[in-house]
Amino acid sequence: MKRLYYAAAVYMVLGLAGGLYYRELTKLNDFTGQTQLGVVHTHLLVLGMAFFLTMILFERAFTLSESKAFRWFFWIYNVGLVMTVTMMTVHGTMTVLGKTTGAAISGIAGMGHILLTVALVLFFVCLRGRLFAKDPAGGTAARKDSVTA
């Protein structure tokens, strides 16, 4: 659970820093157009901080970390999110500075999105495994206090 808390806290700091970077860079360069920098802080706050705060609730309720796939999910998700947001930041910065980006930036961002997709599938594997795990008493391990239909 500490790992989830610290991940949420780091993404909160990065999200706030991303918003500050966007505001200051565009102000310094008198930029008024559209850029991917405008959504970097939102991605970090929602896909980072809010997601991991929600994961703390899932961990508390279902002990997702007991799933064999959880470690894979956690690291793949973080790598994917960092790759995606980094490439958004690079592309947005280049746009503000009036420079063009090549296909490599889009390709790396695409790989980040693919990793996020793989991680989300692993998350649902973890969740399904914990939701429907059988405990020795014959009920489901995730919600011992629930009434079975």
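This is a predicted model: local features need pLDDT of at least 70, side-chain atom pairs count only at pLDDT 80 or more; totals for chains, interfaces and linings use all residues.

Trainee: What makes the pair of Phe52 and Tyr77 edge-to-face?

Mentor: The ring centres of Phe52 and Tyr77 are 5.6 Å apart, and rings pair if their centres lie within 6.5 Å. Their planes stand at 85°, and angles over 60 degrees count as edge-to-face; therefore the pair is edge-to-face. The pair links distant parts of the chain, with Phe52 in helix 2 (residues 37–62) and Tyr77 in helix 3 (residues 70–96), 25 residues apart.

Trainee: How do you know whether Phe52 is buried or exposed?

Mentor: Phe52 has 0% relative accessibility. The limit for buried is under 20%, so Phe52 is buried. Phe52 and Tyr77 also belong to a cluster linked by ring pairs, whose members include Tyr11, Phe74 and Trp75.

Trainee: Why is Tyr5 called partly exposed, and why is Tyr6 called exposed?

Mentor: Exposed requires over 50% and buried under 20%, with partly exposed in between. Tyr5, at 46%, therefore counts as partly exposed, whereas Tyr6, at 52%, is exposed.

Trainee: What places the charged end of Arg3 over a ring?

Mentor: The charged end of Arg3 lies 5.4 Å from the centre of the Phe74 ring. The distance limit is 6 Å, and the charge must also be within 35 degrees of the ring normal. Arg3 is accordingly listed as sitting over the ring of Phe74.

Key: Residues are numbered from 1 along each chain as its sequence is written. Side-chain values use heavy atoms; hydrogens and water are left out. Buried means under 20% relative accessible area, exposed over 50%, partly exposed in between (1.4 Å probe, protein chains only). Rings of Phe, Tyr and Trp (its six-membered ring) pair if their centres lie within 6.5 Å; planes under 30 degrees apart count as stacked, over 60 as edge-to-face and the rest as tilted. Helices (H or I, at least four residues) and strands (E, at least two) are DSSP runs, numbered from the N terminus.
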